[in-house]
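Please read the points with the model at hand.

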Amino acid sequence: MSKNFLEYIQNGRDRFLDELKEVLSIPSVSNSEENKQDVLKCANWLKAHMDSIGIRNTKIFETKGHPIVYGDYMSAGDDKPFILIYGHYDVQPPDPLDLWTSPPFKPVIKDGKIYGRGTADDKGQIFIHLKAIESLLQTEGTLPVNVKIIFEGEEEIGSDNLEEFISSHTDLLKADYVVISDTSMYEKGKPAICYGLRGLCFMQIDVTGPNRDLHSGTYGGGVDNPINALAEIISKLKSPDGKILVDGFYDDVADLTAEERNELNKLPTDEEAFKKDLNINAVKGETGYTLVERLTARPTLDCNGIWGGFEGKGAKTVLPSIAGAKVSMRLVPDQDPDKIAKLFEKFVNKITPDSVKVKVTNLHGGKPSVTPINSPAIKAAMSALRKGFETEPVFIKEGGSIPIVNVFKEKLGADAILMGFGLPDDDIHSPNEKFDLDNFFKGIISVCYYYHELSNLEKFK
Ligand code: BES
Ligand code: MN
Ligand code: MN
């Protein structure tokens, strides 16, 4: 019998990893119809696991899409904080499969890291919270704060049904803070609190030329080619110095204050190491901003996919009927994804040559978010990380998006504490995704400390 959570975690290391491997083995890929049963299986696995460690009132909520897993443990008393732990158990598709060195859903441990789809994003990180709760319950018999948990199965496809669920369950979910582990540390050995996430506006452009594919010899020279037209459109979206040219795009962008720029740039960035890791000769981005600002605090526009014409091996002379592209824009305060989508549609229509037709579709989006960093809950989080990692944590912004963070703020009035334990090179969404085991165990320890720190706050809010 362990006397304290540190000892309990130390003794539990192997078992924790065996359990984590079990949940990682379920291919809960949310965007694939074929995996619908696996996503459900994963939700059921989590519910059963939460039951087994003593979390109460566990429940699976069906949605129009994938289910939401809920549970709570609220015996700290009404004078203690209520926190809502949020995470996602769905994962990105594993392809391209041939680039994995071990199968994505057969997790293996190598050099102090666990490899597999969902290890860092986000199953490994939600498991940190479950193991922290277990460790506290087993050694102290109760939790120092009131805890509610929701894990969703649709984060990677835009959290469409969670937003509606939050709106219709505000009493159930009401909390002082939302705690999320779905971001990264600054680097190995440098834990971080993330205080800003970018928003997202994800669009599709479909260009149609002639009503059928044509012989490029017979018709070439007289008929516009939708691929060429699309290339022309894309080339007009951004200037060579990295400014986005969509009319009105920057209207709502809040300028970075001198103070914030100072903070962001205080952290060491090794541009040479960055280039070496990616095997690129030069970085590229908006002029007038540093690499860290471009990566996290300025908006972006990127093509994510493009298609049209003959893509098979060898040559086939064809003047295609259609071409298309997916374009994502990362947004910063105070940009609104719906407004940006409209501006984008208008602009693309304006720059499309008369010789083709264009259709612009808004696929999904999410607002950016910021957490004020002077709150007691943030100070407590810094203190917990300091104890868990035995080093000074830092504040960072992340370039990625978790659109539901803003919904928690709007519907529940709760700020998010983004205490993530990934690393920037965990290769989330890529082949050979991994999660550092040191971070996993120190994460569990930090979360245990965090609940205590929150519980000790003199006056909450
Ligand atoms: N965990 C990530 C978000 C993230 C990535 C935070 C990197 C910090 C650093 C999340 O699962 C994710 O992938 N979000 C998507 C958005 C979603 C709407 C598809 C993203 O950022 O592309
Ligand atoms: Mn994630
Ligand atoms: Mn993700």
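Donors are N, O and S atoms within 2.8 Å of the metal (3.2 Å for Na, K and Ca); water is not among the atoms, so sites may look incomplete.

1. This is a predicted model, in which local features need pLDDT of at least 70 and side-chain atom pairs pLDDT 80 or more, while totals for chains, interfaces and linings use all residues. Residues are numbered from 1 along each chain as its sequence is written, and side-chain values use heavy atoms, without hydrogens and water.

2. The donor residues of the manganese ion (ligand 3) follow the spacing D-x34-E-x272-H. Asp121 (OD), Glu156 (OE), Glu156 (OE) and His429 (NE2) are its protein donors, at 2.1 to 2.6 Å.

3. Asp121 also coordinates the manganese ion (ligand 2), which lies 3.6 Å from the manganese ion (ligand 3).

4. Is Asp121 buried or exposed? Asp121 has a relative accessible area of 7% and is buried, whereas His429, at 39%, is partly exposed. Buried means under 20% relative accessible area, exposed over 50%, and partly exposed in between (1.4 Å probe, protein chains only).

5. Oxygen atoms of ligand 1 lie 2.8 Å from a polar side-chain atom of Arg330, 2.8 Å from a side-chain N or O atom of His429 and 3.1 Å from a polar side-chain atom of Asp121. Of the 520 Å² of accessible area that ligand 1 has on its own, the protein covers 89%; such areas come from the Shrake-Rupley method with a 1.4 Å probe, and for residues only the protein chains shown count as cover.

How values were computed: Chains lettered and ligands numbered in written order. Polar contact = N/O pair within 3.5 Å; in protein donor to acceptor, adjacent residues only side chain to side chain.
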